[in-house]
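User: I am new to this structure and would like to go through it by question and answer. Please show it to me before we start.

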Amino acid sequence: MPLLLFAIFVAVPIIEIAIFIEVGGLIGLWPTIAIVLGTALAGATLIRVQGFQTWRRAEEALRRGEPPLAEMLDGIFLLVAALLMVTPGLFTDCIGILLLIPPVRRAAGRRLAARLARSANVQFHMQGMRSGPAPDGAYRHRPGPVIEGEAEEIGPGAEESPREDSPWRQ
């Protein structure tokens, strides 16, 4: 994680400055600025179009009764692409443009999902039923699963054997 933060806050701006110097030296100041503004405008337009398409696919998945996981990942990557393309810089624009390409976005989504699955820490907690106060007066939970069921109160004079449709009848 510290290496990632270093890359984001130190290495990326240095890369951006180096690319600006090289591109500005080759084509000049104003064409370089035009490229940065043009990619921001193109990225915003493409994100709007692809964002609506992703939204429609998510709605279709929900109508089919499927969880829209792929569409959610697409939406996250489109948001990241939008942020990268709005950020002034040619390097971040290139990464943003790559994330606008659906096969690249899906491959990145698969890698992210696999990484999250490997590093996931899932814990299950089971809560037992209270069994009454302990000798010191405090209530304690006993370990074990909670078993849900149905009960029927039998009054005086009622038949005490299981009903005919009872699974407990032998």
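User: In which helix does Thr92 lie?
Analyst: This is a predicted model, in which local features need pLDDT of at least 70, side-chain atom pairs count only at pLDDT 80 or more, and totals for chains, interfaces and linings use all residues. Residues are numbered from 1 along each chain as its sequence is written, and side-chain values use heavy atoms, with hydrogens and water left out. Helices (H or I, at least four residues) and strands (E, at least two) are DSSP runs, numbered from the N terminus. Residues 90-100 form the helix that holds Thr92, namely α4.

User: Is Thr92 buried or exposed?
Analyst: Buried means under 20% relative accessible area, exposed over 50%, and partly exposed in between (1.4 Å probe, protein chains only). Thr92 has a relative accessible area of 7%, so Thr92 is buried.

User: Which residues is Thr92 in contact with, leaving aside its neighbours within four places in sequence?
Analyst: Contact means heavy atoms within 4.5 Å. With those neighbours set aside, the partners of Thr92 are Val12, Glu16, Leu84 and Thr87.

User: How many Å separate the backbone oxygen of Leu84 from a polar atom of the side chain of Thr92?
Analyst: A polar contact is a pair of N or O atoms within 3.5 Å; within protein, one must be able to donate a hydrogen and the other to accept it, and residues adjacent in sequence count only if both atoms are side-chain atoms. For the backbone oxygen of Leu84 and the side chain of Thr92, the distance is 3.4 Å.

User: Where is Asp74, and is Asp74 buried or exposed?
Analyst: Asp74 has its place in helix α3, residues 69-86. Its relative accessible area is 4%, so Asp74 is buried.

User: Which residues does Asp74 touch, not counting those up to four places away in sequence?
Analyst: Asp74 belongs to α3. Beyond the excluded stretch, Asp74 touches Thr54, Arg57, Arg105 and Arg106.

User: At what angle do the axes of α3 and α5 cross?
Analyst: Axes are lines fitted to C-alpha atoms, for helices over the stretch in contact, and angles run from 0 to 180 degrees between N-to-C directions. The axes of α3 and helix α5 (residues 102-119) come within 10 Å, and they cross at roughly 110°.

User: Which residues in α5 meet Leu73, Asp74, Phe77 and Leu78 in α3?
Analyst: These four residues are the α3 side of the contact. On the α5 side are Arg105, Arg106, Ala108, Gly109 and Leu112.

User: How many helices and strands does the protein have?
Analyst: From the N terminus on, the elements run α-α-α-α-α-β-β. The count is 5 helices and 2 strands.
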